[in-house]
Structures are given as C-alpha cells and as structure tokens.
Amino acid sequence: MRIFSSKEENKHALQKKTHAFLSFNVRERAERSRMSTKPISSSVSSSSSLSSPTRFRAAQRRRRIRQHSIVTKASSSPSENADLVANLNSAFSIPSSVSFECDSSPYVYLTHKNGCTAKVYLFGANCASWTQPSGDEVLFVRPDAKFDESVPIAGGIPICFPQFGMNGPMSQQHGFARNMRWEVIGTSADVNPDDPEPAVMLSLKSNEETKKMWPHDFECTYEVTLRRDKLKCEFCVKNCAEDLKDELEFTAALHSYIEVVDATDSENVYAKGNLKGKSYMDKEIDAKNPPLLTYDKDRVTFGMKLVDSIFLNTDSEMLLHVGNGAAVSVENTAGWRDFVVWNPHQNMPQCYKQFACVENACAVKPVVLPGDGYVWKSEMNLTVVTL
Ligand code: TA6
C-alpha cells in the first residue's frame with residue numbers, strides 16, 4: 001500500500017524555521033532556561049498560517065507560558081510517578097487552568113473557565129478525555145484499555161506515528177509514538193481572564209529505542225489547547241538530520257475515538273462529509289491490499305459490518321452525528337490529507353455500539369520531509385455542534 005510522493009506535493013505542509021512551528025522555538029527556549037523555576041515569557045502559535053513579526057510579537061505579549069524540562073521515565077513506580085507529578089506541578093502548573101495528576105499513569109489536566117476539561121496522558125501524549133461544560137464526555141475509551149503503559153491506551157486520541165496501520169517499514173501497527181512516554185515542555189494560559197485557553201506542549205525526540213525501530217533523527221511536538229468551544233491538537237514533526245537530502249518519510253494519524261449513543265442507529269448516528277464521488281480505500285474488503293474505490297454516498301453508517309475506510313484527499317471537515325441531536329466536527333486546519341472512518345463492529349462486540357473513529361490522517365501517501373530543520377505541521381480541531 002506504499003505510495004511515494006514528491007517533495008513538491010507535500011510542500012504546503014512543510015515549512016522551515018517559521019513562526020508556525022513555535023512549539024520548537026518554545027522547546028529551544030526551554031532548553032536555554034533549563035532548571036529555571038520561574039515562568040518566562042514566550043509564545044505558542046495558534047495559527048496554521050505564517051505570522052508576520054508584528055503579529056507574532058503581539059501574540060507574545062498576550063500569552064503566558066511556563067516552560068522547563070523534566071525528563072520522564074516510562075513505566076515508573078507509583079512513588080516515582082508521584083515525585084514526577086510534584087515536579088511537574090511546581091514547574092508547569094497554572095492555577096485554575098493546568099495541573100498534573102496521576103492514576104496508573106501521569107497526566108495533565110486542563111480546565112477552561114467555562115467548565116470544559118481535557119486530560120492528556122504523558123504516555124502516548126494521548127488526550128483521553130474532553131468534557132463539555134455540562135460534564136458530558138466527547139471522546140471514548142474502550143473497556144479493554146490499559147493505563148499501565150504496557151500497551152497503547154485504547155481510546156481517546158492515540159497518535160499514530162511514524163506510520164499509520166502497517167503502511168511503513170515498521171512491524172508495529174500505528175508506529176511507536178502512542179507507545180512511549182512523552183516529555184512535557186511547556187504549558188500556557190491566555191492572560192485574558194475571559195478566555196484562558198489552557199494548553200500543554202509535549203515532545204518526543206528520537207533516542208536509542210526509537211532508532212532501533214526507525215533509524216532517523218526527529219522531534220515531534222504535540223500541543224493540546226482547550227478552547228472555549230474546541231479542542232485544538234497541533235502535531236508537528238521536525239527532521240533533525242543535518243543534510244537537506246536526508247529526508248524523513250512517514251505516515252501518521254490522530255486516531256480520534258468519539259462516543260456515540262448507539263452506532264447501530266443509522267438514522268441518527270453517521271459520519272457525514274463531501275464524500276460522494278471521492279476515492280477511498282476499503283480495508284473491510286482487504287485490510288492488507290485495500291481496493292481503491294469511488295464512494296457513492298455522502299455519509300458513512302455503522303452497525304451492519306466492519307467499517308474501515310480511508311477517504312483520500314478529502315475536504316477539510318467531517319461531522320460525526322452522535323445520536324443525541326449533536327455532532328462532532330473533525331476539522332483538518334493544517335497538514336492532514338485523508339480521513340479514516342472506523343467502527344470495529346463484531347470485532348469488538350462489547351463496545352462497538354458506543355463509538356466511531358473519525359481520524360485526520362496522512363494514511364496512504366507518506367509525508368516527505370527534507371532535513372536541515374524542516375518541519376511538518378498539522379492541526380486538527382474538534383468542535384461539538386448542536387444540530
Ligand atoms: O484507524 C483504523 C485502524 O487502522 C483499523 O484498521 C483498526 O485496526 C484500528 O485502527 C485500531 O487499531 P489498534 O491497533 O489501535 O487496535
């Protein structure tokens with residue numbers, strides 16, 4: 001299923017040393033201020049487009065960031081986790097907006113003034129919960145999910161990188177990013193008290209372990225921002241090779257699990273987009289060599305059989321109607337190309353009625369990223385829409 005693309009085709013999502021990749025600038029500043037316990041001024045880009053220097057400086061003044069660098073160790077003991085959480089709180093917590101806690105595994109808890117919350121585990125940088133002001137959960141975690149860091153968290157928003165499914169050189173389905181502990185490199189909250197927008201930035205850098213599986217120098221950053229009405233997920237990959245010609249090639253996805261009332265209720269639960277006449281790969285027919293077909297409807301329903309489709313080069317938004325008069329908009333605001341829609345049907349009889357995955361992805365054609373500081377940026381926004 002590997003299809004190679006030229007540099008030219010990926011150009012729109014690649015940028016070099018630009019303000020659109022401020023997560024990396026933040027990281028660099030964090031390294032310079034290592035061990036400082038004082039918050040320092042900085043900025044995180046919230047825009048998918050390039051900012052002019054003036055706009056950039058204005059954004060810097062508006063936002064406050066706490067940053068630092070604390071190296072974390074996967075599968076730590078409960079006391080090590082408790083120490084880590086204490087250190088993370090002293091370095092990164094922001095009263096009423098950002099705190100660190102631990103159940104079986106450490107996570108950051110974001111709270112918006114309007115009552116929304118999000119919970120992002122360091123393991124896999126998985127945003128496993130996003131609640132509305134009403135307390136309603138938007139995401140779904142499977143009943144078989146483990147939080148002991150022995151396997152990827154089965155639910156929430158796992159990050160598939162550096163390959164989606166088996167589309168890449170690795171034997172590990174969906175790559176290793178969802179199966180490693182990420183490092184916290186910064187938190188922020190807007191100083192405007194009416195619109196605090198708490199955010200956390202995490203990083204995963206190549207190391208000995210990743211190089212055994214994928215022999216490349218890279219750094220990923222993932223920034224989750226809790227907006228008044230949106231969950232913004234910005235995933236970036238930097239090629240750390242010195243040579244421009246030393247390209248990174250990867251496939252990736254944000255594998256969003258979204259809760260629905262009853263997936264078998266096809267009148268009220270379905271994924272809708274501008275799909276009619278579009279190309280898609282149907283993994284239900286053949287998971288290893290999915291046929292390339294043309295979709296003849298504008299919606300995907302569930303409940304009859306396994307649904308596992310990759311819609312190629314799609315429009316930027318799909319709506320998942322969840323069955324209670326609301327829909328979740330899954331919007332690609334930068335970088336992604338495809339949408340994956342998945343419901344396991346009887347492969348998961350205990351939970352398939354309760355969720356569907358609608359995923360922003362570069363699932364088929366790999367991103368090709370030159371070396372010498374080039375960065376690929378993607379951004380997904382989830383919004384609950386009342387119909
Ligand atoms: O995104 C859909 C998919 O690739 C399916 O093919 C299915 O395997 C699913 O992901 C779940 O994968 P996982 O390894 O998390 O069980």
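Which residue in β5 does Tyr109 stand opposite? Tyr109 stands opposite Lys119.

First, the ground rules. This is a predicted model, in which local features need pLDDT of at least 70, side-chain atom pairs count only at pLDDT 80 or more, and totals for chains, interfaces and linings use all residues. Residues are numbered from 1 along each chain as its sequence is written.

Start with the whole chain. The protein chain holds five helices and 23 strands. Both are DSSP runs numbered from the N terminus: helices are H or I with at least four residues, strands are E with at least two. Of the 387 residues, 46% are buried. Buried means that 20 or more other C-beta atoms lie within 10 Å of the residue's own; exposed means 12 or fewer, and partly exposed lies in between, with C-beta atoms placed from the backbone. Now take contacts between residues at least 6 apart in sequence: 66% of them join residues at least 24 apart. A contact requires C-beta atoms, placed from the backbone, within 7 Å.

Back to the sheet. Strand β3 (residues 98-102) and strand β4 (residues 106-111) run antiparallel and are joined by five bridges. Strands count as paired if DSSP finds at least two bridges between them. The two form a hairpin with three residues between them. Val98 stands opposite Leu110 of β4.

Next comes strand β5 (residues 117-121). Five bridges join β4 to β5, again antiparallel. Leu110 faces Ala118 across this pairing, standing opposite that residue in β5. Tyr107 stands opposite Tyr121. The hairpin of β4 and β5 has five residues between the strands, and Gly115 in the turn has a positive phi of about 105°.

β5 and β6 pair in the antiparallel sense over four bridges. Val120 stands opposite Cys127 in β6. Their hairpin has five residues between the strands, and Gly124 there takes a positive phi near 75°.

Put together, the four strands form an open antiparallel sheet in the order β3-β4-β5-β6. β3 and β6 stand at the edges with a single partner strand each, so one side of each has no neighbour in the sheet. Neighbouring strands are turned by 20° against each other on average, direction ignored. α4 packs on this sheet and touches β3 and β4; its direction makes about 175° with that of β3. Such angles run from 0 to 180 degrees between N-to-C directions, and the axes are lines fitted to C-alpha atoms, for helices over the stretch in contact.

Now look at α4 itself. The helix covers residues 78-92, which is 15 residues, and reaches 20 Å from its first C-alpha to its last, close to the 21 Å expected at 1.5 Å a residue. The expected span is 1.5 Å times one less than the number of residues. Its buried residues are Asn81, Leu84, Leu88, Ala91 and Phe92. They cover an arc of only 95° around the axis, which puts them on the same side of α4. The arc is taken from the directions from the helix axis to the C-beta atoms. An α-helix has 3.6 residues a turn, so residues three or four places apart point the same way. On the other side of α4, Pro78, Ser79, Asp83, Ala86 and Ser90 are exposed.

What about the nonpolar interior? The largest nonpolar core has 101 residues, of which Val200, Ile258, Leu320, Val341, Ala356 and Val358 touch the most other members. Strand β22 (residues 355-369) gives the largest share, eleven residues. Such a core is a set of buried Ala, Val, Leu, Ile, Met, Phe, Trp, Tyr and Cys residues joined through C-beta atoms within 7 Å. Leaving out residues up to four places away in sequence, Val200 touches Val98, Val108, Leu110, Val120, Val184, Thr187 and Val224.

Finally, a loop residue. Gly168 lies between β7 (159-160) and β8 (183-190). Gly168 counts as buried because 22 C-beta neighbours lie inside 10 Å. Beyond its neighbours within four places in sequence, Gly168 contacts Pro162, Gln163, Gly175, Phe250 and Thr251. The C-alpha atoms of Gly168 and Thr251 are separated by 7.1 Å, although the two are 83 residues apart along the chain.

Methods. Contact = placed C-beta atoms within 7 Å.
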